[in-house]
Amino acid sequence: MTKLILGILVGVVLFPLAVYAYLTSGYAPAAATDSALPLETFIAGTALFRRIHSEAPTRDVSGMPTADLVTGAQAYQKNCAMCHGLPNQPPPAIASTMFPPAPELFSQKGMVTDDPAGETYWKVKNGIRLTGMPSFKNVLSDDQIWQVAAVVSRADKLPPEAQDALKPVAPPSAPPPSAAPAGMPAKPKPRS
Amino acid sequence: MVKFILGVVIGAILIPLAVVAYLVSGYAPAATADAPMPFESRIAGMALQARFKKEAPVRDLSGMSTPDLLAGAEIYKKDCVMCHGLPDQKPEIADNMFPPAPQEMKPPQGRGGQRGPQGGPGGAPRAPRPNGDFWRIKNGIRLTGMPSFQNILSEDQIWQVTGLIANRRRLPPEVQAALKSEPAAAAAMPAPPAAAAAGKPATAKAKTAG
């Protein structure tokens with residue numbers, strides 16, 4: 001029995017040592033382009049899901065008036081589109097080169113229309129650790145967060161006015177002509 | 001001996017089991033405002049530093065030419081500024097991420113302590129060290145919002161931005177002027193800057209509809 005307990009103690013110490021050795025080896029994934037560790041996505045996703053389920057408010061946003069959706073679409077355009085994209089537009093270049101990647105909320109694959117709006121509300125309000133998702137509770141009002149959550153959760157059935165507010169407004173690159181050095185194209189390679 | 005080995009195995013399994021149980025409990029930190037877990041940033045930093053040591057290129061950027069720095073500033077304003085800010089402007093979202101986005105143009109705070117690739121505290125050039133920023137921009141950083149730019153910028157462009165950051169304490173006036181916040185800088189973001197300001201979005205409607 002003594003030997004068993006001694007063994008457990010050694011094992012408990014060994015594990016963090018092995019993790020330390022791995023991290024400092026220079027082989028641990030650190031680049032956004034490295035692939036995920038085994039079970040990483042599953043464990044992180046479960047942690048997030050459990051937390052949100054214990055905290056996310058419930059609210060039916062299916063009856064939200066068009067004016068609110070337009071306001072939400074404008075807030076989306078300003079604060080979210082640079083990563084999460086716009087309808088019928090190519091995804092932003094940086095979205096897929098983050099780890100974890102930013103979901104395209106207006107693409108068939110990235111839509112969160114099946115998630116309760118309260119879940120999206122929680123994510124916008126609190127942000128998501130260890131992703132690029134910021135918390136907007138100091139940036140948007142509670143009403144605005146609900147408006148954005150409603151837009152995203154109804155991404156596939158927005159009224160035309162809200163869709164209009166999600167059209168791209170500015171050309172993708174408009175550097176001040178005076179300061180742009182000659183012969184320096186902004187994007188030399190097309191996105192692969 | 002058998003019992004000892006059995007104990008080692010049990011002990012080694014116990015910790016990951018406990019960690020997983022904690023994570024799926026719904027109490028684990030998931031919001032950006034939650035406090036960091038013990039040793040979290042140190043552990044993450046270790047992996048990153050180990051990779052720099054192995055992979056980051058060494059190049060002395062102290063003599064980078066003004067046109068290159070200007071080109072770096074233009075790229076910076078287009079691709080980096082929305083998170084990493086300007087000398088006189090900090091984006092709202094920077095501190096609301098976890099981990100927060102460092103303000104690269106705002107020396108000396110907000111750069112995670114000793115990580116500057118070049119330049120001592122007084123701005124005196126040091127011997128060139130592996131260029132962590134080149135590696136960061138090229139490869140991105142996992143589990144932060146930092147994307148990889150290897151398919152977006154050329155290597156030369158990544159060096160220009162790296163040089164801009166490395167020389168941020170001693171930029172020529174032209175480059176400093178290019179980094180002033182101005183409406184043009186905001187125009188690079190996909191939003192009508194004035195009209196869509198938080199709280200008063202009503203006026204933007206006519207513009208976008210037309």
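A crossing of two helices is left-handed if the near helix is turned anticlockwise from the far one by less than a right angle, and right-handed if clockwise. This is a predicted model, where local features need pLDDT of at least 70, side-chain atom pairs count only at pLDDT 80 or more, and totals for chains, interfaces and linings use all residues. Residues are numbered from 1 along each chain as its sequence is written, chains are lettered from A in the order in which they are written, and side-chain values use heavy atoms, leaving out hydrogens and water.

**View 1. α1(A) crosses α1(B) in a right-handed way.** Helices here are DSSP runs (H or I, at least four residues), numbered from the N terminus. Residues 2-24 of chain A and 2-23 of chain B pack at about 40 degrees, axes 6 Å apart; axes are lines fitted to C-alpha atoms over the stretch in contact, and angles run from 0 to 180 degrees between N-to-C directions. Contacts (heavy atoms within 4.5 Å) involve, among them, Gly7(A), Gly11(A) and Pro16(A) from α1(A), and Gly7(B), Gly11(B) and Pro16(B) from α1(B).

**View 2. Tyr76(A) and its neighbours.** Leaving aside residues up to four places away in sequence, Tyr76(A) touches several residues, including His84(A), Leu105(A), Phe106(A), Val152(A) and Leu166(A).

**View 3. Cysteines without a disulfide.** Counting sulfur pairs within 2.5 Å as disulfides, the total over all chains is zero. The sulfur of Cys80(A) has its closest cysteine sulfur in Cys83(A), 9.1 Å away, so that's too far for a bond.

Terms used: Helices (H or I, at least four residues) and strands (E, at least two) are DSSP runs, numbered from the N terminus.
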